[in-house]
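Notebook open, two chains to look through. I start with the sheets and then go to the interface.

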Number of protein chains: 2
Amino acid sequence: MGSAITYPLSENGVRVRLWGTWLDDELVEAARKGNHPKLGTPLPRGVSLFFAPQLAEALDGADFILVAVTSEGFLQVYERAAGLLEHALPVFGLTKGFVEREGRVLSVSEGALELFRERFDDEEFLWVSVGGPVKAVELSRRIPTATVFGYDDVRLRQLFDSFPTSYYRVFSVRDIRGVELCSALKNVYAIGMGICDGLYEAEGTAYYHNFKAFLFNQAIGEMARLVEEFGGVRDTAFDLAGVGDLFVTSASGRNGIFGRRIGSGGSPEKEYRSMFEAGEVAEGYHTLDLFRKFMGQRTEVGDEGFPLLNAVHRVVFGESSPREELFGLAARCGEGR
Amino acid sequence: MGSAITYPLSENGVRVRLWGTWLDDELVEAARKGNHPKLGTPLPRGVSLFFAPQLAEALDGADFILVAVTSEGFLQVYERAAGLLEHALPVFGLTKGFVEREGRVLSVSEGALELFRERFDDEEFLWVSVGGPVKAVELSRRIPTATVFGYDDVRLRQLFDSFPTSYYRVFSVRDIRGVELCSALKNVYAIGMGICDGLYEAEGTAYYHNFKAFLFNQAIGEMARLVEEFGGVRDTAFDLAGVGDLFVTSASGRNGIFGRRIGSGGSPEKEYRSMFEAGEVAEGYHTLDLFRKFMGQRTEVGDEGFPLLNAVHRVVFGESSPREELFGLAARCGEGR
């Protein structure tokens with residue numbers, strides 16, 4: 001995603017420096033020579049590429065930073081970058097999921113804020129959480145794409161002008177919390193919808209469109225309640241960060257495939273591992289685990305309003321039967337008997 | 001749909017009488033002898049079948065009525081039934097779309113109310129609009145299914161107990177307007193998403209998942225605004241009647257196919273006709289036409305907030321280019337350039 005977003009930025013005249021972590025050496029090397037290995041096309045002219053040891057060069061004189069590393073690597077990369085800066089810069093966070101620090105689970109922006117305070121004292125923490133239905137390859141091919149920027153400080157708005165093109169459309173909402181929660185949780189709910197697909201494949205006598213729509217709708221309702229419980233704006237879940245992103249994630253992607261394999265009889269742990277070994281990380285697996293811990297830390301948030309989240313958790317980590325959990329969930333949701 | 005809903009009702013001990021219009025003779029005949037021709041299974045035991053001339057018998061002693069005829073036939077059937085009743089009965093309306101009466105376009109419940117007032121003077125108009133993601137075949141196969149009942153008079157709630165089973169889950173909302181608008185309009189928006197699929201098939205070099213999610217999200221936002229403009233509850237669009245139903249309708253169905261044919265180069269009128277002749281009616285085609293007239297009657301509702309609806313209208317009735325309309329729409333929605 002970090003590479004894909006260089007297309008609209010470059011077209012807007014932004015001089016982009018693309019830095020790869022210590023895990024990205026091959027990717028950077030390949031992209032220097034020709035096609036970007038994951039996007040299948042060359043990066044835009046004018047994008048400079050930097051290897052892991054060149055972080056200081058990449059940051060030198062920057063106006064703002066985009067961070068698109070995985071949630072596992074986020075804190076380490078953020079800390080390293082912050083340590084190289086004289087003064088704070090606005091950050092656009094494309095990382096999705098949760099991070100662990102000192103035995104606690106934090107959202108990405110919370111993790112960033114903790115490190116920020118340790119490094120910059122009383123400077124302003126200028127943060128944007130980037131969400132919405134954006135598959136990187138399609139963005140790089142200039143397929144019409146909508147993204148949503150969750151922010152708080154209105155001074156950030158002027159930076160937003162660097163992003164929109166005719167195909168990359170930017171929407172914004174003053175709700176960091178809602179955008180980052182939806183961006184992370186949609187991967188979990190996509191696993192649940194994938195499980196439904198897997199059940200259909202294993203046993204279906206008629207399509208499960210009704211069932212999948214039921215779960216999609218349930219997921220959106222649960223995301224809206226979760227956003228609200230955690231202090232975000234409920235409507236964020238009803239827009240690009242929730243409805244839009246869950247739509248694209250459930251239509252295609254690793255989390256849906258992971259769920260499908262479970263639904264058709266696979267063991268969650270084995271399927272996760274076999275996908276991982278093939279280079280396909282179903283991020284929702286870790287997000288589900290971390291988010292349950294995140295919820296556990298906020299004792300004021302009960303778990304009654306989130307039966308689908310709980311059912312997926314029991315299937316993935318509790319060895320519960322996918323069939324019993326999803327059919328059971330359907331039978332409990334709604335009014336009457 | 002009228003036939004499919006006899007499954008949960010029968011399982012709840014309701015003695016269902018299923019009446020077919022003058023267009024349904026063959027269907028009723030076939031269902032009497034064996035499998036229901038459209039569902040592919042026999043109807044539940046205990047469901048009595050009635051031919052068109054037997055409407056009075058079918059209604060005799062009924063506690064409530066479900067109407068599931070097409071919107072074109074709705075007023076005629078409703079009027080005939082009302083004429084046979086001594087006193088008013090509660091009605092569950094499964095008909096989706098708009099109706100025409102004396103040169104005006106009305107929502108289904110508005111049309112029913114006009115006829116009701118002419119027939120029953122000052123009796124109570126007890127109406128439920130039934131919506132949500134329900135494909136009839138899947139319901140008849142007992143696939144988990146969620147429906148939403150839009151109602152106003154709380155006395156109707158006791159009747160809702162006749163519907164839920166372990167697989168047919170009922171949700172309710174005090175918003176007839178929102179449920180009936182979403183149920184009708186989702187067919188129009190499904191055409192729009194189908195057009196996107198057709199464009200991809202005709203010219204795509206990468207998948208259009210981002211684009212389709214963009215349109216899905218746009219459709220939900222427009223439905224929410226439309227519901228609000230017409231006096232319904234905005235949140236209805238963010239739940240089963242909107243999000244859930246558009247999900248299932250865009251995943252499968254005649255309106256999506258109709259859109260796809262247009263998007264890949266077909267003429268809207270010809271494609272509509274060729275589908276019609278094959279017995280596949282893309283209901284969204286008429287709904288789109290009627291809804292524009294419906295909007296035109298309410299001059300207080302502007303059309304600025306509904307660019308996707310307008311774009312689909314221009315493609316289907318204005319011979320506008322599907323590509324220019326949808327890519328153009330994307331380029332206009334959002335912030336910045």
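Predicted model: local features only at pLDDT ≥ 70, side-chain atom pairs only at ≥ 80, totals over all residues.

**Sheet in chain B**

Residues are numbered from 1 along each chain as its sequence is written, chains are lettered from A and ligands numbered from 1 in the order in which they are written, and side-chain values use heavy atoms, with hydrogens and water left out.

The pair sits in strands E7 (127-131) and E8 (145-151) of chain B, which run antiparallel over four bridges. My strands (E, at least two residues) and helices (H or I, at least four) are DSSP runs numbered from the N terminus, and strands pair if DSSP finds at least two bridges between them. The whole sheet is open, five strands in the order E3-E4-E7-E8-E9 (chain B), with mixed pairing. E3 (65-67) and E9 (168-173) of chain B are the edges; each has a single partner strand, so one side of each lacks a neighbour in the sheet.

**Sheet in chain A**

I find an open sheet of five strands here too, order E3-E4-E7-E8-E9 (chain A), mixed pairing. Neighbouring strands are turned by 25 degrees against each other on average, direction ignored. I checked E4 (91-93) with E7 (127-131) of chain A: they pair in the parallel sense over three bridges. Val91(A) stands opposite Trp127(A) there. Helix H8 (176-203) of chain A packs on this sheet, touching E7, E8 and E9, and its direction makes about 40 degrees with that of E7(A). For angles I use lines fitted to C-alpha atoms, for helices over the stretch in contact, from 0 to 180 degrees between N-to-C directions.

**Interface**

How many residues does each chain bring to the contact? Chain A gives 55 and chain B gives 55, with contact meaning heavy atoms within 4.5 Å. The buried area is about 4,600 Å², 57% of it from carbon and sulfur atoms; that is accessible area (1.4 Å probe) lost on putting the two parts together, summed over both.

I get four salt bridges across the interface, by the rule of a Lys or Arg side-chain nitrogen within 4 Å of an Asp or Glu carboxyl oxygen. One I looked up is Glu335(A) with Arg157(B), closest N and O atoms 3.2 Å apart. On chain A's side, the elements giving two or more residues include helices H9 (209-229) and H10 (240-251). H9(A) gives the most, nine residues.
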